[in-house]
Amino acid sequence: MSSFESFYQQYPCSYNSPLNCDRPFQTAQQIKGAKFCLECGFPATLPQEAEIKGNQGTYQIASFIGVRGLGRLYSGVKLKDKQPVIIKEYLLPNRCFNESETQKRKETFKRVGGVSLADSRIQNFRLVETKEAIADEKGERCYLITQDIESSQTLAKYVIEKGAMTSSDVREVLNQGLQTLQFLHTQKLRFPSNQIQMGITHGNISLDSTLIKLEKNQKFSIYFSDLAIWENLFIPPIITQPAPARPEQDLESLGLLAFSLWVGQTTNFLSNQPLDPRNNQQWPDTDSHLKQFIYRLIGLESPFENAEAARKALLELPKEDSGKSSVRSPGSQKIKKPLPMPLILLGILALLLLSGGILYWLLGKKTDSANQYIQWSRLVRNFSEVTNVPSGRFTYTGERDSTWSYVLTQPVDNSRLRDLLTTPKPDATATFNYESVLSSNLNNPIKSIEEVQTSKKDFAITSLVNNITDKLAKKTVAYDGLLVFVAFNKRDSNLANALGGQINLEQLRQIYTGKITNWQQINPKLPNLPVKPFAPTEPEAISKFQEIVLKNAPQDEALFTAKVTKLDTTKTQNLIRSETLQGRTTGIISFGIISKTSNQCTGYPLAIADDKRSAIQPLFQRRDRRSINPSDDLCQHDDYYVDVTTFQSYPLGYPIFVVYPKDSNRLPGGSTFAQMLTTRQGQCLLSKVGLVALQPMPDDINSYACKSVP
């Protein structure tokens, strides 16, 4: 199928893609009753509370969600019983379809828009349930009313947010997908016209047409949507129409989908071309049996006869392994007389050493940067490219002494972050004003969430979301964390050196509950020095420390409150500096949020270990791309940074969320703000004020990748 950018060329859209452009939405927001985009004349989005009448009832639009495939999505309700539905709006714009073509496609859509079991049984085969297909008699729109699968998202969005799937998760996607295809290909199915057909081909399986719903205990369900039999009706006639799909093509599409999920991308960054499963270098090497199975599924080796045979083979696969040699790349030559294993291993080792050395000297770190850039390059570039920004004045909140309250005051790009985010998209009429709140109980800082629940604020930014209700949604926009630091003086012996630059969570728990009072209780080789524990004044930071280190144990929290001195992080650092300048060895230990503790050299941020892994140090020395150690001169602030990939395993790291209501009657200010913060521009800004980006950036936050974002 042609790319969406080649559709609707008769409309002079400034983005060259009218379906994905935000101008039709803005027109509908600004001009009541507008039916066409003011810029190019493409059909505008439907307004809130618009009603669509069908044979089974009347449906009301609640809010515009976005675009999927060849249609626009809206949340809505069936007025009679208030049941939530998803409405997919398909377009037959008159510059692309003549009157005869429009009428013919409308009639076909009403006949084939949706399938169900011919015997009327209700069975969940993870196919999005279609309730009704409606064609606007006088207009140029059609509507597919479908089941609202709450908290689901497309696999395309899932990969962008979560990255590559594990091989075991890919196996489960294949298991569910093949079960659904077995159902589609073999059951008697009924169309809305009451026509009965033995089996149907999906014909449109992709990351965009497949939904994933995350369940409890890390389980998930996969749902197929957007079958080609009705989706392809809305491809303009000027575009080459796809041939009817065959069942074996569904298997191939599912295999390619699984390959993309396992790799975590669809495009080769270096060539800017789609990934090629024939290229052995592009495959993960964690599960050779799964790799062999997908080869067969996509037809690179003896293909399966049907979905049933494929699923049977999948369920009989041996458990995952990490062997690479058992799977041949398609078309590779067979070796009749294998070499002895020792010679093979020596040869591989020599080859790796030789190629590794050559690549290192020729390319340096460029390959790493390219790999990191893959996920980064898939982000929306900047605020101005975020579509469907609602008009209005939005007020959001956070705790008064929270990380967000602090970073908003920080200078960035010749301004303050707060100023840049108040009107992030100057050409839109949306403003975002921040008003902090102070919880009455500082040990349970939940005032900001309460403000959103009671509709006093539009959304909140916080790291404390354990107790939010199911009426609120949350979206991760960055990471924060706590750095634990002790006195650091590079010129002489110091506590950081004596500790080997690290400490574990259990030792921290005992220090902050008064069970360890002298450093020699940790190790007799440490100085005979009283432990002096300090904590910052931010309630949010203390709450995360109690959650992660003290496990929210009431007795430990009480001891923490009684025995630990709370002092602003900067004042604690000044106290360490004062004692050090007086020639005293100080036993002070404290912790603080990254933005207050990373750009200083008075306290050394210790690597943190837990009971599952060795110590992790997320701060890296820039020149050598390695984690810092106590021999480094931390006073060179520009020479070290938080390594995003390492930080993802750091025990004291945690997400920062935008929390907003799911209420469709309220404008989507929170979700839009979250979208902006997760653009490249937003992630750069957050990194510059001390938060940690969701994915690695090329080189660093001062690189061209950030400087080139307006």
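**A close look at the core**

Modeller: Happy to! The largest nonpolar core has 72 residues, and Leu174, Phe293 and Ile294 have the most contacts inside it. Helix α6, residues 247-263, gives the most to this core, with eight residues. Please keep in mind that this is a predicted model.

Let's start from Ile294. Leaving aside residues up to four places away in sequence, Ile294 touches Val170, Leu174, Gly255, Ala258, Phe259, Trp262 and Trp283.

Next, the helix pair α6 and α7. Helix α7 covers residues 288-297, and its axis and that of α6 come within 8 Å, crossing at roughly 145°. This crossing is left-handed. On the α6 side the contact is made by Leu251, Glu252, Leu254, Gly255, Ala258, Phe259 and Trp262, and on the α7 side by Leu290, Lys291, Ile294 and Leu297. Sorted by class, that contact has eight nonpolar, one polar and two charged residues.

The axes of helix α4 (residues 167-186) and helix α8 (residues 307-315) come within 8 Å and cross at roughly 155°, so α4 is roughly antiparallel to α8. Here, too, the crossing is left-handed. Among the α4 residues in this contact are Arg171, Leu174, Leu178 and His185, while α8 brings residues including Ala307, Glu308, Arg311 and Leu315. By class, the α4 and α8 contact has seven nonpolar, four polar and three charged residues.

Conventions. Residues numbered from 1 in each chain as written. Predicted model: local features only at pLDDT ≥ 70, side-chain atom pairs only at ≥ 80, totals over all residues. Heavy atoms only, no water. Core = buried A, V, L, I, M, F, W, Y, C linked by side-chain atoms within 4.5 Å. Buried < 20%, exposed > 50% of the residue type's maximum accessible area, 1.4 Å probe, protein only. Helix = DSSP H or I, 4+ residues; strand = E, 2+ residues; numbered from the N terminus. Contact = heavy atoms within 4.5 Å. Axes fitted to C-alpha atoms, helices over the stretch in contact; angles between N-to-C directions. Left-handed = near helix turned anticlockwise from the far one by under 90°. Nonpolar A, V, L, I, M, F, W, Y, C, P; charged D, E, K, R; others polar. Parallel < 35°, antiparallel > 145°, perpendicular 65-115°, else oblique.
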